[in-house]
Amino acid sequence: MDKFTNSAWFMRIVAFALAALLFISINFEMESDKKSLGLSTAPEISTETIENVPVEVYYDRENLVVSGVPETVDVTLKGAKSLLINAKNQRDFKVYVDLSDPEISMGDRTVTFKISQLNEKLVATIDPEYAEVNVQERVTKEFSVEAEYNHSLLEDGYTAGQPTVSPQTVKITGAKDAIEQISYVKANLEISKGLDETVNGKATVKALDRDLNKLDVTIEPASVAVSLKVSIPSKTVSIAPKQTGKAKDGIRIKSLSVDPKEVTLFGSETSLENISEIDLPVNISKIDGDTELELDLTKPDSVQKMSLGKAKVKIRTEKVDVDEENAEPVEEEKEQVKEQDEQEEQEKVVEKDEPAAIESKTFNNMNIEPVGIQADQDAELETDVTSITLLGEADDLKKITKDDINLTVDVSNLDEGTHDVELVVKAPAGVNWELDSKTIKVSITQKDEAT
């Protein structure tokens with residue numbers, strides 16, 4: 001036994017065993033220290049899904065239009081948890097579709113989503129993996145704009161002219177297929193209440209196909225100015241005083257006269273057609289002698305409004321003997337009424353010397369012409385049409401047409417910018433006129449020197 005323990009091999013075996021134990025012990029302690037410090041020799045692998053990641057599309061935007069690419073996708077990342085957290089918080093990677101090849105063909109194609117600027121130690125999966133896209137030639141074309149509004153909002157009795165737009169045309173850009181589908185270009189004037197006055201406002205322009213579906217195109221300008229002239233027909237009729245009640249004993253009514261003699265009614269043409277005069281009841285039962293009354297005019301139900309609500313009535317009387325009055329037979333009373341009517345007719349003949357009744361006549365959609373535009377400037381009117389109402393004798397108004405009226409706005413002394421400029425009206429002599437607005441906004445801009 002002593003010989004074995006004293007041998008060289010025994011000492012070698014013992015030394016090797018001690019070295020092995022020492023190595024295992026040291027490594028065990030190092031692993032324990034790493035775990036206590038949160039360290040590990042192998043990183044923890046995890047996955048994280050990032051939703052609604054924007055998609056960028058690379059293509060020739062000047063000449064092509066690409067449709068069908070979703071705005072966002074979901075990206076699932078796999079890798080070390082610390083890298084995932086950083087990628088999720090920073091979102092410094094990009095998802096894109098590359099259609100920048102100048103040799104790309106038109107039509108439908110399937111494209112794969114790609115990802116860039118992502119840490120190479122992370123693995124990405126994109127949902128969806130690809131998209132069905134359509135590539136078309138980019139086309140720009142000019143279209144006329146048609147203004148429209150809700151006709152049901154027009155108040156009873158009122159009429160509306162044809163709405164006008166400014167500018168009258170727009171440029172529409174989009175895929176060639178979409179441009180070819182355009183059947184209507186509409187500008188809808190948004191109105192939230194009943195229409196009983198002229199409306200000026202902005203309206204968004206929409207391009208529609210023949211089935212009135214909105215098309216995905218770009219419109220320049222996106223909105224236009226719309227003007228809708230709203231008016232109401234009018235008719236001037238006489239005011240006819242009518243006696244009501246019975247005169248007091250000893251009082252006889254000689255005549256009734258009214259001031260003014262006429263009133264202007266407003267309403268639909270059909271409602272005005274059958275109205276020739278407005279009755280004004282005058283109660284004579286409390287009249288003691290010559291007097292003047294201010295009485296309310298009753299508006300017919302079919303009429304929307306009247307130019308005045310009251311009228312003055314002059315009552316002329318005479319005193320008579322009560323017994324004589326009571327003794328008069330019925331036939332004599334009728335004769336007196338007849339004489340009174342004749343007297344009123346005579347008064348009317350005398351009144352013919354007074355100025356003839358003033359009537360009105362309205363012209364809608366009258367063109368406004370800018371004059372005096374300087375060579376290096378452009379002038380744009382807020383609206384190039386308006387309405388004018390002429391006031392005068394009926395015979396004079398009948399002879400006047402639109403061609404006899406000229407509306408202009410002088411822009412010769414205006415600097416660059418927006419100005420309120422007074423309208424200049426040339427109309428036939430002998431008539432007065434009224435405008436919806438005496439001024440109009442004019443925008444003056446300098447012309448591009450290159451043009």
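I looked up D420 and K441 and found their side chains meeting in a salt bridge at 3.2 Å, N to O (a side-chain nitrogen of Lys or Arg within 4 Å of a carboxyl oxygen of Asp or Glu). D420 lies in strand β29 (residues 417-422) and K441 in strand β32 (residues 439-446), so this pair ties together parts that are 21 residues apart in sequence. Helices here are DSSP runs of H or I with at least four residues, strands are runs of E with at least two, and both are numbered from the N terminus. D420 is exposed at 52% relative accessibility, while K441 is partly exposed at 38% (buried is under 20% relative accessible area, exposed over 50%, partly exposed in between, with a 1.4 Å probe and protein chains only).

A note on the source: this is a predicted model, where local features need pLDDT of at least 70, side-chain atom pairs count only at pLDDT 80 or more, and totals for chains, interfaces and linings use all residues. Residues are numbered from 1 along each chain as its sequence is written, and side-chain values use heavy atoms, leaving out hydrogens and water.

Next I checked K186, which forms a salt bridge with E146, the closest N and O atoms being 3.1 Å apart. K186 sits in strand β13 (residues 184-188) and E146 in strand β9 (residues 146-148), 40 residues apart. K186 is buried at 11%, whereas E146 is partly exposed at 40%.

Then I turned to K88, and its salt bridge with E48 has its closest N and O atoms 3.1 Å apart. K88 belongs to helix α3 (residues 81-90) and E48 to strand β1 (residues 45-58), so parts 40 residues apart in sequence are tied together.

My search of the whole structure gave 7 salt bridges.
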